[in-house]
Amino acid sequence: MSDTQLLVGPFNRVEGDLEIRLDVAEGRVRAAYVNSPLFRGFERMLLGKGAMDALTITPRICGICSISQSAAAAQALAQAGGIVPAPEGEMVAALLHAVENQADHMTHFNLFFMPDFARATYGGRRWHERAVARFTAMQGSALHGALEARARLLHIVGMLGGKWPHTLAIQPGGVTRAPSLRDKLRMQASLRAFRTYLEAEMFGAPLEAFVALESVAALEAWDTGDVALFLEIAADLDLAAMGRGAGRYLSYGAYPTAGGPVFARGIWAEGAPGAFDPALIAEDLSHAWMLGEAVHPQAGETVPDEAMRDPGYSWCKAPRLGGLGYETGALARQVVDGHPLARALAGEGGVRARIVGRLLEIARTQRVMEAMLAGIDPAARFMADWTPPRDGVGAGLVEAARGALGHWCRIEKGRIASWQIIAPTTWNFSPRDAGGVPGPLEAALVGAEVQPGEDTPIAVQHIVRSFDPCMVCTVH
Amino acid sequence: MNILWLQSGGCGGCTMSLLCAEDPNVLALLAGAGLDFLWHPTLSEATGAPVRTLLEEIREGRQALDILCVEGSILRGPNGTGRFHMLAGTGRSMLDWVRDLAPRAGHVVAVGTCATYGGVTSAGENPADAVGVQYDGAHPGGALAADFRSRSGLPVINVAGCPTHPDWVTETLLMLAADEMHEEMLDGYGRPRFYADHLVHHACPKNEFYEYKASATHLSEMGCMMEHLGCVGTQAVGDCNIRSWNGEGSCTRAGYPCINCTAPEFEEPGHGFAETPKFAGIPVGLPSDMPKAWFMALASLSKAATPPRIARNAVADRITVPPSLKKPKP
């Protein structure tokens with residue numbers, strides 16, 4: 001195949017709109033340019049508003065990680081105002097957050113990622129008929145099962161948070177509803193039902209058996225549930241080698257507790273763990289349709305270049321940590337946390353590794369949620385005494401399903417003087433930086449196969465979706 | 001009937017909420033009513049080229065379109081070009097696409113308050129110059145003109161809410177599939193009356209506190225949130241407390257105020273979302289259809305008559321004083 005350019009879009013099952021330009025030579029992607037084509041300007045909307053308005057506005061950045069946005073905003077406001085949340089309220093907020101992340105992970109696997117294997121292009125593969133029965137878009141039995149299990153799991157958010165998405169229950173000082181013993185028992189029943197679903201359908205075995213996997217060889221011997229079907233497909237299509245990243249991972253740490261986050265904070269680079277220093281973050285604007293210099297988000301601005309001038313090609317800024325791009329998400333979180341299976345997959349870092357990282361986290365998060373709920377004391381207070389911040393700066397660093405989410409705010413006389421957000425997919429789908437270095441997805445797409453006649457290459461689709469992008473968050 | 005679903009200047013949360021539909025699940029419900037998606041950005045298999053072909057075919061009239069659902073506001077910026085959202089792969093703005101496709105559609109449904117009136121995407125300085133499909137805030141005329149009518153003769157059907165309740169969307173679609181949606185079934189802002197003729201106040205569990213104006217003073221307290229915490233459930237349309245959300249939920253059940261998310265311009269209340277604006281100590285906003293003098297008289301009377309149980313519970317985070325039991329007959 002001679003040198004060609006492909007423009008891929010609209011790209012669906014990515015939570016928002018996405019356009020990818022591909023330079024193709026000899027049947028492979030030679031370079032990729034990722035454009036996040038939607039600009040709404042949340043950081044500008046917030047300027048001058050009362051500090052507490054952020055709790056209503058920022059969750060509406062994203063309909064799929066709305067609680068993550070709530071949690072980050074509440075944390076940033078708490079830090080700006082020196083507010084210490086009631087410990088039990090913090091635990092309820094963490095539970096709400098974990099339920100959302102869990103729902104997002106299983107939605108991604110069943111509705112966004114797996115349906116691509118039911119495509120006619122894979123007809124004749126020995127697993128194809130099973131993939132069609134389970135995962136055909138809109139129709140597959142796995143999709144229907146997943147939707148019903150997800151809706152019931154989100155009853156926990158209904159009870160504690162009123163509705164999903166866009167709750168106002170998470171506040172800097174705790175949560176707005178004190179669950180009773182009866183509520184707790186009802187939610188435990190919901191969690192047990194969700195475990196039953198996971199063990200019957202997705203994993204086909206006790207979750208503890210999956211959490212106990214420590215090596216790639218042990219993973220490849222897993223032979224039950226939809227997980228086994230995925231692993232069979234992954235082996236046949238060599239998804240392990242597809243879309244490999246640089247092996248640099250970032251996690252802000254998930255679910256704060258008195259003893260530190262449940263899943264650790266840190267980085268992983270050059271095959272070794274390292275400490276995360278938030279001061280080293282900067283957003284590069286060289287290839288974004290944004291005006292300004294590369295600065296730390298605490299000093300950042302959002303000024304769109306309305307002329308959309310070259311070399312800009314995306315509304316997405318390019319966050320870098322110590323000058324380097326980092327991949328973030330479930331795999332990153334589990335690698336940083338030190339799970340042996342995730343560490344074994346850290347160097348592999350391709351489509352299979354990202355999906356297995358997410359499956360591993362589903363299995364682990366179920367147990368985390370059960371422990372959180374068991375630990376909630378209905379007799380405790382769930383809201384501290386607090387008043388809204390007047391003057392101060394704060395950062396809220398949390399882990400959304402898709403990875404590291406940060407809010408940085410400056411409050412002056414009770415009003416928002418600055419509010420900057422870096423979402424997980426801002427990291428993963430960033431454009432090039434001033435050095436011309438591509439973002440993580442752009443790099444991972446290089447070398448992807450483009451078959452003769454393909455205008456929307458299937459390998460590109462697998463790689464893009466393996467990141468579980470959230471495009472509405474990316475630019476916000 | 002077929003449905004084309006497009007997402008523009010929004011968060012995708014109305015689709016995420018739609019997926020929470022239960023009994024039956026949303027896919028089974030729509031299929032059972034003979035509704036199928038030509039394309040949906042979250043659910044469909046097709047990506048890229050086949051989607052572009054489909055959109056072109058609809059635009060040129062070669063593919064019939066029964067229902068166009070638009071989720072998210074329509075971005076007119078910068079400078080009226082719509083380039084803050086160019087639909088990926090097409091080189092055209094969503095503003096242009098919606099204007100081209102809407103006249104082809106049997107019905108146009110705006111899903112969520114961004115799509116209906118602009119919503120949160122139009123908050124603050126409205127950086128992207130966002131509008132609703134047929135409204136700009138409370139004013140008729142958005143991406144489509146005020147006098148736009150789809151092939152059915154109806155204006156844009158505004159399923160407002162931030163997010164929308166899954167049933168508001170599915171039941172609207174069921175009415176369209178049954179050919180039972182008529183103009184008189186929409187309220188003055190184009191919202192389906194089956195949910196917009198109710199107030200969030202209806203079946204609110206805080207109603208007894210409301211009756212005595214026994215008010216919560218801080219979030220997490222059980223009392224009525226109208227007097228101090230910005231709740232406008234007595235004015236906001238929606239059957240949120242009648243049908244409930246995600247099982248047993250609703251905003252007021254979870255202890256935070258109704259912020260009127262089904263209304264145009266709810267994103268700019270002019271005060272903090274959890275604060276009640278007052279004049280001379282009296283809340284400015286009155287319950288819908290309530291004469292002010294009567295409200296004042298009844299409020300002061302009922303406040304004076306508040307039983308101790310209700311007064312104590314109103315400022316507690318859980319029931320501390322249970323209702324008294326009737327003594328058994330001797």
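This is a short tour of a two-chain model, stop by stop, for you to follow in your viewer.

What you have open is a predicted model, so local features need pLDDT of at least 70 and side-chain atom pairs count only at pLDDT 80 or more, while totals for chains, interfaces and linings use all residues. Residues are numbered from 1 along each chain as its sequence is written, and chains are lettered from A, with ligands numbered from 1, in the order in which they are written.

**Stop 1: chain B as a whole**

Select chain B and colour it by secondary structure. Along its principal axes, the C-alpha trace of chain B spans about 80 × 50 × 30 Å. For 330 residues, a compact globule would have a radius of gyration near 20 Å, and the 22 Å of chain B agrees with that. That radius is taken over C-alpha atoms, and the globule rule is 2.2 Å times the number of residues to the power 0.38.

How much of chain B is buried? Buried residues make up 55% of its 330 residues. A residue is buried if 20 or more other C-beta atoms (placed from the backbone) lie within 10 Å of its own, exposed if 12 or fewer, and partly exposed in between.

**Stop 2: where the chains touch**

Now show both chains. The contact takes 74 residues from chain A and 63 residues from chain B; two residues are in contact if their C-beta atoms, placed from the backbone, lie within 7 Å. On chain A, the elements giving two or more residues to this side include strand E1 (4–8), helix H6 (141–153) and helix H7 (155–161). The chain A side divides into 36 nonpolar, 21 polar and 17 charged residues. Here Ala, Val, Leu, Ile, Met, Phe, Trp, Tyr, Cys and Pro count as nonpolar, Asp, Glu, Lys and Arg as charged, and the others, Gly among them, as polar.

**Stop 3: a covered helix**

Pick residues 458–466 of chain A, which form helix H17; eight of its nine residues are buried. Among the buried ones are Val460(A), His462(A) and Arg465(A). What covers them includes E1, strand E3 (28–35), helix H4 (87–113) and helix H14 (351–375) of chain A.

**Stop 4: two cis prolines**

Zoom in on Gly9(A) and Pro10(A): the peptide bond from one to the other is cis, with omega near -5°. Pro10(A) sits in the loop between E1 and strand E2 (19–25) of chain A. Then hop to chain B, where a cis peptide bond joins Asp23(B) and Pro24(B), with omega about -5°. Look for Pro24(B) in the loop between helix H1 (13–18) and helix H2 (26–32) of chain B.

**Stop 5: positive phi in two loops**

Which loop of chain A holds Tyr255(A)? Tyr255(A) is between strand E6 (249–251) and strand E7 (266–269). Its phi is near 65°, a positive value in a residue other than glycine. With 23 C-beta neighbours inside 10 Å, Tyr255(A) counts as buried.

Finish with Asn246(B), in the loop between helix H9 (240–243) and strand E12 (278–279) of chain B. Asn246(B) has a positive phi of about 45° although it is not a glycine, and its 27 C-beta neighbours inside 10 Å make it count as buried.

How values were computed
Helix = DSSP H or I, 4+ residues; strand = E, 2+ residues; numbered from the N terminus.
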